[in-house]
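Please examine the sequence and the three-dimensional model shown below. The paragraphs that follow lead through selected parts of the structure in turn.

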Amino acid sequence: MSADPYADTSESTSGQVFNVTGGDWDTISTDSLEGDRLVINMGPQHPSTHGVLRLILEIDGETVHDARAGIGYLHTGIEKNMEFRTWTQGVTFCTRMDYVAPFSNEAAYVGAVERLLGIEDQITERAQVIRVLMLELNRISSHLVAIATGGMEIGALTVMTCGFRDREEILKAFELITGLRMNHAYFRPGGVSQDLPDGTVGHLRDLVALLKKRLPEYAALCNANPIFKGRLKQVGRLDLAGVLALGITGPILRSTGLDWDLRVKQPYWGYDTYDFDVITRDEPDAYGRFMIRQLEMWESLRIVEQCIDRLESTQGQPVMIADRKIAWPAQLSVGSDGQGNSPEHIAHIMGESMEALIHHFKLVTEGFRVPAGQAYFAIESPKGEIACHAVSDGGTRPFRAHFRDPSFVNLQGVSAMSEGGMLSDVIVAVASIDPVMGGVDR
Amino acid sequence: MGLEEKLPSGVLLSTVEGLAGYFRKASFWPATFGLACCAIEMMTFGAPRYDSGRFGMEVFRPSPRQADLMIVAGRVSQKMAPVLRQIYDQMPGPKWVLAMGVCASSGGMFNNYAIVQGVDHVVPVDMYLPGCPPRPEMLIDAIFKLRESIQNTQLGADRLAEIREEEQAVLAALPTSAQAGLMR
Amino acid sequence: MSDETQDGSHETRAELKKSDAVELEVVEVREGAFGVHGTGDTSGFGGLRRPVVMPGAATPPYGGWFDEVAERLTAGEGLADAIEKVVVHRGEITFFIRREVLRQAAQHLRDDAGLRFELLSGVSGVHYPGDTGRELHAVYHLLSMTHNRRIRLEVTCPEEDPQVPSVMGVYPTADWHERETWDMFGIRFEGHTHLTRILMPDDWPGHPQRKDYPLGGIDVEFKGGFIPAPDNRRSYS
Ligand code: SF4
């Protein structure tokens with residue numbers, strides 16, 4: 001075997017540089033280094049950094065003096081790519097940003113487009129109920145991933161397997177409704193792409209019953225577990241002043257005791273008509289955030305139950321805006337081949353009406369035009385305020401779509417949370433922020 | 001690596017090949033190389049319901065030095081590509097690469113400045129898995145197909161000849177844009 | 001959809017929209033269609049001229065709490081002529097701020113008891129290549145939790161002199177946002193302590209999300225098929 005090209009030692013202006021990568025640790029313990037601070041690189045490919053996050057840590061023994069986050073390893077150019085697609089196709093792109101909570105991305109985007117179109121008050125009730133339902137189920141699945149991966153990173157593998165097991169149940173419901181497990185592109189400007197298939201309500205009721213049985217397991221497993229508490233309590237502290245200065249929202253903000261939740265403060269899609277509580281805690285540390293996530297899942301479950309009731313009472317109502325110049329997909333129904341165009345619609349455009357065919361062709365190939373202007377639409381994602389700043393030049397494609405992703409902003413807190421602590425607490429602090437790198441880098 | 005290169009090909013070696021292939025395929029240790037959405041599906045693959053532990057693969061190695069399979073799960077950005085290559089170089093041979101998802105296979109829907117249009121620009125890929133994201137079942141299937149090919153991998157001089165042959169075949173192949181006929 | 005404004009007060013969105021876009025502003029004129037120019041075009045659309053018109057400046061009263069914010073903002077020290085223009089569109093208000101006083105304006109918006117925009121939600125860049133002399137816009141989204149209001153500040157700068165004062169001293173959260181805007185649009189934020197690339201590799205040339213930067217895709221080849229990269233395809237706009 002040849003010598004490792006990456007494991008080498010060299011000198012730099014600020015001291016000796018070691019590129020040890022395993023198996024050659026004994027080269028480090030030279031006496032001249034006694035008492036020196038070490039700058040170590042962690043990531044971007046590290047199992048405990050929650051994705052492709054890179055941390056540059058300056059440590060003295062086990063104490064972290066300086067922590068910097070390096071991001072951009074998953075930069076995908078989604079925002080630029082959206083400028084080359086129609087407004088409807090944009091949903092397909094933005095859903096892939098924060099892939100743990102895809103519906104939040106879609107929601108922020110379609111909300112901004114609808115505001116630009118001026119059709120916010122024409123979204124049908126059933127479409128709004130379905131959107132709220134999906135968002136809340138997604139909140140549960142996202143929090144489950146947060147708890148699961150956080151548990152895995154501190155060595156609690158059972159928490160991880162439990163979390164993914166329960167998330168799987170929610171994904172089954174997503175698949176039933178949207179046809180996909182992840183990256184759904186289900187919300188569309190004007191409504192949702194299709195109505196719920198038969199039997200969804202029954203499936204959802206079973207799901208809620210199952211989750212009610214399973215969610216207490218996390219509390220039983222973790223809440224009073226001395227190791228868990230020892231790792232999480234008083235770790236990654238950040239008080240209200242720090243949180244606001246850094247623009248952090250979501251569970252981290254609520255762990256400081258401020259009851260800021262956009263679902264209540266700036267309600268959208270009828271959230272003000274649902275009965276639920278905003279969870280806050282006066283423990284601005286990793287444990288408080290963990291508890292908030294856990295309790296928020298129960299509140300989401302409450303909303304889901306109310307949604308199911310409303311789904312029953314709105315059965316058969318439209319899920320897409322009436323304006324046919326915007327409503328696309330025009331009509332869908334699953335055919336015998338598993339593909340989805342409604343035979344009536346095809347018969348209509350191909351056999352009966354030339355105008356309908358022209359219209360369909362224009363809508364599908366060119367898309368609809370959105371009046372010029374800019375809009376900013378913010379919603380409460382599982383991680384905090386996610387918002388879309390959409391700019392239109394009056395054309396059929398976004399002139400610019402920028403996403404304010406909560407993971408991006410919240411990750412700035414990692415320095416403040418981990419400096420002065422121990423090396424192992426950095427992992428806990430990052431896990432309590434729950435950044436999703438797809439959202440951070442976009 | 002080592003002894004097998006010096007051995008002559010023949011009856012003895014083909015039996016050894018079968019045995020080595022059997023051991024290699026049955027102790028497959030993937031490196032965690034999760035990048036994007038596909039990584040979540042890769043984690044699901046190791047979690048209950050899909051449970052990769054059923055075929056002895058639940059041990060995702062955090063260190064590339066202990067792994068022989070790299071599942072590139074997600075979109076590889078220009079910034080990540082050098083890191084990816086370094087990880088690959090750190091893996092001991094024999095090693096395999098599985099490009100999971102269309103992003104890793106060809107750039108997928110992100111045909112733009114930021115994304116490497118297929119991880120095969122950076123490392124040799126043994127198995128491409130389409131889908132966005134591929135379902136965990138599809139990942140299981142891809143891994144079984146990969147295991148099948150590992151079982152039949154040759155050793156020593158035969159392997160070198162095989163590599164040369166594959167290389168020639170690829171060089172002589174008609175580029176996709178020049179292939180005519182029905183799209184399939 | 002509730003018709004109330006975000007602050008939950010009783011002016012409806014409809015009332016706020018009254019003062020919408022009274023005056024229009026042309027930022028660019030596009031020619032042709034389908035990405036085709038000159039004689040290659042047989043569709044006749046090549047002669048098309050379409051102005052890109054953004055919503056224009058609104059005149060007071062802007063409606064609702066917008067007036068109060070505008071008054072209080074200009075009452076700040078040295079901010080009497082800070083506002084270039086105000087745009088009210090779709091129930092959202094945008095203040096175009098002269099770039100020299102951006103920092104003072106941000107400070108005042110954060111500290112004044114009647115304004116209290118404690119949270120900077122985000123900074124985003126927009127590139128209008130046709131808006132001569134003010135091609136690059138930096139857009140700041142501010143949120144007041146105290147009053148439950150949102151406003152937007154917009155600052156422009158020419159491409160030749162892409163400088164905007166940094167608000168990092170007022171809102172520390174602007175750190176990464178401004179680095180991202182620098183990375184993607186090349187707007188230099190004066191006073192930022194370490195304005196380096198954040199998403200792209202350190203040695204990357206250019207600023208990818210500017211309009212004059214190509215999408216950078218490569219052509220796709222399938223069996224018997226050839227598809228140009230997305231930015232080289234025929235398009236409708
Ligand atoms: S293939 Fe699809 S799911 Fe996988 S990383 Fe790419 S966008 Fe995400």
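**A guided reading of the model**

At 11% relative accessibility, C:Asn148 counts as buried, where buried means under 20% relative accessible area, exposed over 50% and partly exposed in between, with a 1.4 Å probe and protein chains only. C:Asn148 has a positive phi of about 55 degrees, although it is not a glycine. Its place is the loop between strand E6 (136-144) and strand E7 (149-157) of chain C; helices (H or I, at least four residues) and strands (E, at least two) are DSSP runs, numbered from the N terminus.

This is a predicted model, in which local features need pLDDT of at least 70 and side-chain atom pairs count only at pLDDT 80 or more, whereas totals for chains, interfaces and linings use all residues. Residues are numbered from 1 along each chain as its sequence is written, chains are lettered from A and ligands numbered from 1 in the order in which they are written, and side-chain values use heavy atoms, with hydrogens and water left out.

The loop that holds C:Asn148 lies in chain C, for which an unreviewed UniProt entry gives the annotation "domain: NADH:ubiquinone oxidoreductase 30kDa subunit" over residues 97-217. UniProt positions are given in the numbering used here, feature names are shortened, and annotations may be inferred rather than shown by experiment. The end C-alpha atoms of this span lie 36 Å apart, and the span is 18% helix and 28% strand.

Chain C also meets chain A. The contact, meaning heavy atoms within 4.5 Å, takes 60 residues from chain A and 58 residues from chain C. Between the two chains, the buried area is about 5000 Å², of which carbon and sulfur atoms give 54%; buried area is the accessible area (1.4 Å probe) that two parts lose on being put together, summed over both. On the chain A side, A:Lys80, A:Gln374 and A:Phe399 lose the most area to chain C, together 14% of what that side buries.

Chain A itself has 17 helices and 10 strands. Of its 442 residues, 61% are buried. Among its contacts between residues at least 6 apart in sequence, 68% join residues at least 24 apart. One residue of this chain, A:Trp269, has a positive phi of about 50 degrees although it is not a glycine. A:Trp269 is found in the loop between helix H10 (262-265) and helix H11 (286-313), and it counts as buried because its relative accessibility is 2%.

In chain B, the unreviewed UniProt entry places "domain: NADH:ubiquinone oxidoreductase-like 20kDa subunit" at residues 37-145. The end C-alpha atoms of that span are 23 Å apart, and the span is 33% helix and 12% strand.

Which residues are closest to the ligand? They are B:Cys37, B:Cys38, B:Gly74, B:Cys103 and B:Cys132, among 14 that surround it, each with a heavy atom within 4 Å. The site is shared between chains, because residues from chains A and B surround the ligand. Helix H3 (37-46) and helix H5 (101-106) of chain B each supply at least two residues of the shell, and H5(B) gives the most, with three residues.

Two of the cysteines are buried: B:Cys38 at 7% relative accessibility and B:Cys103 with a relative accessible area of 10%. B:Cys132 is joined to B:Pro133 by a cis peptide bond, with omega of about -15 degrees. B:Pro133 lies in the loop between strand E4 (127-129) and helix H6 (136-151) of chain B.
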